[in-house]
Amino acid sequence: MPPSEVEPFGGQGVWRPNDNRDTFGKVRIPSRGVEGQAPREPFGMWGPEAADRSIARTPVDRPDVQIAFGHRELGPWTVPVVGISDATRFASLRVLGEIGNSVPTSERGKKVVQAWKLNVASEARAKRGDMPWDPEDRSVVTLGFSFCPELHGGSWQRLDVENYIKPTLDALAAGLFSEPGEDLASIPQWGYDDSNFSTLLIHRLPDAPSPAVEGVAIFVSAKQFQEH
């Protein structure tokens, strides 16, 4: 990958909404709470003395990561994104095509969602590199959807964006985790493990002016953790 693809988190400054550079500030995600125990204090209270105030607890399944906020140029859009600041893998892509709905109500709708999954998975596999990513790595994903109204009931139709998220994430997991020689078109069920897609940022981008440019912008980063 070119340097712009492998070094997206060069900046260390605090992210601001009007900061349109491809730079990122860091924010720590607190460890997941354990039932019956108080969570750790928020980031603003952490410091060198934090260890003295920490609460004894059972280890969580996955460690903390530092996520970064910023912007990326994805297709024609400058999209706010999140990513892992010291990611070991990442990919950015724009996938064009009619976006599939997770609750299709017709035979045509079923064909659309299948074609959409294949489209996303193929693009993701082309962008990921030669070998599959490890589904045990922790991943952070940004999705930005641009819908063409005439494909989805017209400009009067209200869209539930969440109905379009699952098919896209299922396909993204297939593209990242499938073996190089695996025939994506013959996948009977899109059941690749995406349980480590731990942080998601979803956007409804400006509507596409024509069906030819409907699609999704995707930015995904991952970090490998060693077993303890």
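Is lysine 223 buried or exposed, and what is its relative accessible area? Lysine 223 is buried, at 18% relative accessible area. Buried means under 20% relative accessible area, exposed over 50%, and partly exposed in between (1.4 Å probe, protein chains only).

This is a predicted model, in which local features need pLDDT of at least 70, side-chain atom pairs count only at pLDDT 80 or more, and totals for chains, interfaces and linings use all residues. Residues are numbered from 1 along each chain as its sequence is written, and side-chain values use heavy atoms, with hydrogens and water left out.

**View 1. Lysine 223 and its surroundings.** Lysine 223 sits in strand 7. Helices (H or I, at least four residues) and strands (E, at least two) are DSSP runs, numbered from the N terminus. Neighbours within four places in sequence aside, lysine 223 touches Ile84, Asp86, Thr88, Asp137 and Arg138. Contact means heavy atoms within 4.5 Å.

View 2. Four strands make up an open sheet, ordered 4-7-5-6, with mixed pairing. Strand 4 (89–96) and strand 6 are the edges, each pairing on one side only. Two strands pair if DSSP finds at least two bridges between them. Strand 5 (residues 138–146) and strand 7 (residues 215–223) run antiparallel, joined by nine bridges. Glycine 144 stands opposite alanine 217 of strand 7.

**View 3. The hairpin of strands 2 and 3.** Strand 2 and strand 3 form a hairpin with two residues between them. Glycine 75, in the turn, has a positive phi of about 65°. Eight bridges hold strand 2 (residues 66–74) to strand 3, and the two run antiparallel. Phenylalanine 69 has valine 82 as its bridge partner in strand 3. Six of the eight residues of strand 3 (residues 77–84) are buried, so this strand is largely enclosed by the rest of the structure.

**View 4. Aromatic rings.** Rings of Phe, Tyr and Trp (its six-membered ring) pair if their centres lie within 6.5 Å; planes under 30 degrees apart are stacked, over 60 edge-to-face, the rest tilted. The count is three aromatic pairs. Phenylalanine 177 and phenylalanine 197 form a tilted pair, 6.1 Å centre to centre with 45° between the planes. Both phenylalanine 177 and phenylalanine 197 are buried. Phe145, Phe147 and Tyr164 form one aromatic cluster.
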